[in-house]
Amino acid sequence: ALAAALAEVTGNGLTRDGHPVNLLANIGGVDDAVAAGATDVEGVGLFRTEFVYLSAQTMPTVEEQAEVYRKVFEQFPGRRVVVRTLDAGADKPLAFANLGDEENPALGRRGLRLCEAKPELLDSQLEALAVAAKETGADVRVMAPMVATADEAAWFAERVYAHGLPKAGVMVEVPAVALRSKHVLAEVDFASIGTNDLAQYTMAADRMEGELSHLLDPWQPAVLDVVAAACDGADHNGKPIGVCGESAGDPYLALVLAGLGVRSLSMAPSKVPAVRLALSKHTIQQCRQLAHLALEARGAHEAREAVRAAANEEL
Ligand code: PEP
Ligand code: MG
């Protein structure tokens, strides 16, 4: 019965009353792009570009990078592709993007911080992206990982526009940015919440530490509070905000996130049908009520159970 129900709902993400929530794919390279491009996702919400460089000992040339980006963008004519610039360091070490050993890599010079130290890495990547974007019909948008301040967001956006790329965004992975999102989002065109790192930094729990998975649970109401703060700031600026962490693929949590105000959900393409079905069975007002239940819960378990019990049916 579930398979039949899943097959029946197709197309773009919509709540029962027609409120759009874009359903996008997380990809890590050309193979993922080919697979996702063949599905009916509305585009890519997170292209983790560091995966392209995992085996490289030196930063590839602009042309070598553009070659990869071209192949990815070609899979999505007329669809959006949100590209995250290099997120090296901590759990994603790269041979050539390294500033030496750090005591606390997750709190160190990773993500955009590393690109601030080595701006040539970011510039060559932006140049390659601009070349590939021009040659394909994809709607390319570029966002930075590990942004913590409005100054960093402005620094990044200026570089993106200088390369002729029209849209710059930030990931919301650091609670500071969520809390200050009104000011940070004034500097850019969009934001995407990375709940994997946002949970890590909100709960002060290393995402690589399996014994702490209960703290890293995106249903932790504190994490949802931080998500809600980010959404409020985005709303204040009229800027679109989405979620691209793993939590976006949980159908019940997807309802909560929609209720908190996110306009897109990016996930492994295999998760899209169940999320699409869940949205189709709830109005945006019901999603807001589910979000309220989750925020009022005393813990992650209670939040999940309250939403499951109140959702329209087994998802
Ligand atoms: C995240 O942190 O939630 C995210 C989407 O990025 P990554 O998992 O690649 O750090
Ligand atoms: Mg992250």
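1. Let's start with helix 13 (residues 272-280), where V272, P273, A274, V275, R276, A278 and L279 are buried. Here "buried" means that 20 or more other C-beta atoms lie within 10 Å of the residue's own; 12 or fewer makes it exposed, anything in between partly exposed, and the C-beta atoms are placed from the backbone. Helices (H or I, at least four residues) and strands (E, at least two) are DSSP runs, numbered from the N terminus.

2. Before going on, keep in mind that this is a predicted model: local features need pLDDT of at least 70, side-chain atom pairs count only at pLDDT 80 or more, and totals for chains, interfaces and linings use all residues. Residues are numbered from 1 along each chain as its sequence is written, while chains are lettered from A and ligands numbered from 1 in the order in which they are written.

3. Back to helix 13: seven of its nine residues are buried, so the rest of the structure largely encloses this helix. Its buried residues are covered by, among others, helix 1 (2-8), strand 1, helix 12 (251-260) and strand 8 (264-267). For cover and contact, two residues count when their C-beta atoms, placed from the backbone, lie within 7 Å.

4. Strand 1 (22-27) is worth a look too. Six of its six residues are buried, with N22, L24 and N26 on one side and L23, A25 and I27 on the other. In general, side chains in a regular strand alternate between the two faces of the sheet.

5. What does strand 1 pair with in the parallel sense over four bridges? The partner is strand 8, where L265 stands opposite L23. Strand 1 also runs parallel to strand 2, joined by three bridges, and N26 has L46 as its bridge partner there. Pairing requires that DSSP finds at least two bridges between the strands.

6. Two shell residues, E173 and D197, carry the feature "binding site" in an unreviewed UniProt entry. Though spread over 25 residues of sequence, they cluster in space, with a largest C-alpha distance of 5.2 Å. UniProt positions follow the numbering used here, feature names are shortened, and annotations may be inferred rather than shown by experiment.

7. Are E173 and D197 buried or exposed? E173 is buried, with 27 other C-beta atoms within 10 Å, and D197 is buried with 25 C-beta neighbours inside 10 Å. E173 is found in the loop between strand 5 (168-172) and helix 7 (175-179), whereas D197 is in helix 9. Leaving aside neighbours within four places in sequence, D197 is in contact with E173 and R207.
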